[in-house]
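Me: I've got a structure open and I'd like to go through how its parts touch. Can we take it step by step?

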Amino acid sequence: MKGTAVIELENVAYSYGGGELLSDLSLSLSPGSFHFLTGPSGAGKTTLLKLCYGALVPTSGQVRLFGQDRRTMERDDIAMARRRIGVVHQDCKFLDHLSVSDNIALPLMVSGRDLLNEGANLKELTGWVGLRERAGALPPELSGGERQRAALARAVIMSPDVVLADEPTGNVDWEMSQRLLRLLIELNHMGKTIMIATHDLALIRAAKSQVQARVLRIASRRLHLAGADL
Amino acid sequence: MKIELSPVTEFLLADAQADRVVPPTGFTAWLTLFSAAAMGFLAVFALALSLATGRLADRWGNELARSSTIRISAPEGQMAAQTEAALRLLETTAGVASARALSSEEEAALLAPWFGPDLPIDTLPIPQLIEVVEEGAGFDAEGLRLRLAAEVPGAVLDDHTRWRRPLVRAAERLRLLGWLSLVLIGAAVAAMITLAANAALAANSQLIGVLRLVGARDTFIARAFVRRFTLRALGGAALGVVLGCLAVLILPGAEAEGGFLTGLGFQGWHWLWPLVIPPLAAMVAFFATRMAAHKTLKDMP
């Protein structure tokens with residue numbers, strides 16, 4: 001498994017505020033795989049995702065991003081790794097002084113790509129998430145669903161190898177959550193590795209009929225493979 | 001092949017995309033602009049002080065060092081004879097370029113600041129003054145004193161050393177104080193810019209978090225802040241320098257009787273010196289913000 005997985009966690013523990021939040025946790029995300037991460041609120045889903053994109057350093061154990069040990073990675077290495085990992089947060093943080101289109105293009109800007117050459121891709125992507133008409137709007141003017149779709153577009157504009165989504169359907173209605181799920185499944189069909197943290201079991205059931213997904217559950221600080229009850 | 005650019009080159013080339021990611025307004029923008037303008041204004045005065053005291057020290061050190069005075073105090077009947085004897089003696093003294101007795105009008109002019117213009121000088125026992133101008137390595141003061149004592153008993157040689165030295169020393173201290181003020185102003189600019197940059201970075205911590213999340217390197221984020229603060233410091237200092245120069249311009253002119261205070265200002269090409277202040281302020285801001293930004297970013301995930 002070592003060397004082939006895009007993101008790998010090996011016997012990882014993470015402590016915060018004196019208490020251990022995650023313990024002896026191992027996980028391997030192979031290229032093109034689809035994962036759901038579930039568990040009760042406060043179980044550590046967001047923490048696990050943060051470990052996966054290098055925002056947190058494990059207390060013990062090893063996290064490897066594209067084969068590189070997180071502990072030995074320089075800050076620039078982490079920045080480069082994040083260009084290969086698209087992250088969608090539940091609260092969808094944007095730069096409020098930039099338009100939706102510019103926010104979606106933000107990963108291109110920070111990586112020094114010429115936006116003039118990327119114009120067609122940006123337009124196509126904005127259309128793919130159904131925000132072409134809202135491209136010039138400012139983020140505070142968007143609805144919850146529009147923000148989620150803009151965040152997804154931003155996460156995938158660099159054509160990353162992995163997309164990590166933290167409760168991407170938390171603030172949207174059922175119809176919108178299905179639309180977002182279809183977009184993520186479509187990305188998976190393009191070969192992207194997807195991991196979605198959610199407590200929405202209905203969403204997981206809906207996805208399982210469309211894609212081969214592994215469902216992982218965090219319980220008692222450990223990661224378990226969820227059974228057929230889902 | 002990737003070309004590595006120095007931070008200054010990167011700054012000069014500018015990155016429009018990095019510029020756009022930081023919101024254009026904010027309290028720190030005005031704080032930086034005002035601080036830089038105030039410091040630019042003060043720097044003009046510190047510079048003017050340094051240059052004026054420099055000129056003064058040079059004048060006292062060079063011009064006055066080239067001249068001496070012989071004072072002759074003698075009974076009225078002997079004054080002319082002793083003056084004549086002193087002038088003859090000076091003509092044969094090596095290192096003396098010229099020597100002349102001051103006229104009664106010149107002596108009256110010297111006393112006028114203390115006694116007024118209507119002083120009846122002829123009725124007072126005023127000593128006769130002889131102005132001596134040196135040449136080459138100057139004369140042997142001790143030898144001249146001995147010869148005067150022998151030939152002109154009422155003559156006293158004053159080579160200005162006694163009062164010139166402390167004045168030159170004072171002027172040099174003032175010049176040093178001026179330069180020290182400039183250094184302190186530079187340090188104060190660096191401190192204020194650092195505080196303002198830290199405040200801006202703290203206020204934009206969410207923005208920095210988003211940029212890090214999408215793969216921005218620290219240099220990209222730092223550059224956006226560094227460029228903004230540097231340009232603000234440059235603009236503010238330029239404004240302060242213009243105001244400072246106007247203030248120096250409207251100072252009273254350097255009248256001869258005004259002495260040092262009215263001579264505070266720039267002369268000739270020294271007016272170009274204030275042009276150095278804005279680029280220096282920008283340079284200080286560049287390094288202060290760069291250091292602050294990299295230090296702050298290092299503590300962020």
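Me: Start inside chain A. How many salt bridges are there between domain 1 and domain 2 of chain A?

Reply: Zero salt bridges are counted between domain 1 and domain 2 of chain A. Keep in mind that this is a predicted model.

Me: And how many residue pairs in polar contact between those two domains of chain A?

Reply: Five residue pairs are in polar contact there, both residues at pLDDT 80 or more.

Me: Which elements supply the domain 1 side in chain A?

Reply: β7 (162–166) and α7 (174–189) of chain A each supply at least two residues of the side that touches domain 2. α7(A) gives the most, with seven residues.

Me: What classes of residue are on that side of domain 1 of chain A?

Reply: Nine are nonpolar, two are polar and seven are charged.

Me: Back up a bit. Where are the domain bounds in chain A?

Reply: Domain 1 of chain A covers 1–84 + 160–230, and domain 2 covers 90–159. Their C-alpha centres are 23 Å apart.

Me: How much area is buried between the two domains of chain A?

Reply: About 1,500 Å², with carbon and sulfur atoms giving 63% of that. On the domain 1 side, R83(A), P160(A) and L183(A) lose the most area to domain 2 of chain A. Together they make up 36% of what that side buries.

Me: What about chain B, how is that divided?

Reply: Chain B has domain 1 (7–61 + 165–298) and domain 2 (74–153). The C-alpha centres of these two domains of chain B lie 53 Å apart.

Me: Which residues of chain A lose the most area to chain B?

Reply: R75(A), R82(A) and V110(A) do, together 31% of what the chain A side buries.

Me: How many salt bridges between the chains?

Reply: Three salt bridges are counted between chain A and chain B. One of them joins R75(A) to D218(B), where the closest N and O atoms are 2.5 Å apart.

Terms used
Residues numbered from 1 in each chain as written. Chains lettered and ligands numbered in written order. Predicted model: local features only at pLDDT ≥ 70, side-chain atom pairs only at ≥ 80, totals over all residues. Heavy atoms only, no water. Buried area = accessible area lost by both parts, 1.4 Å probe. Salt bridge = Lys/Arg side-chain N within 4 Å of Asp/Glu carboxyl O. Domains from an automatic or database assignment. Polar contact = N/O pair within 3.5 Å; in protein donor to acceptor, adjacent residues only side chain to side chain. Helix = DSSP H or I, 4+ residues; strand = E, 2+ residues; numbered from the N terminus. Nonpolar A, V, L, I, M, F, W, Y, C, P; charged D, E, K, R; others polar.
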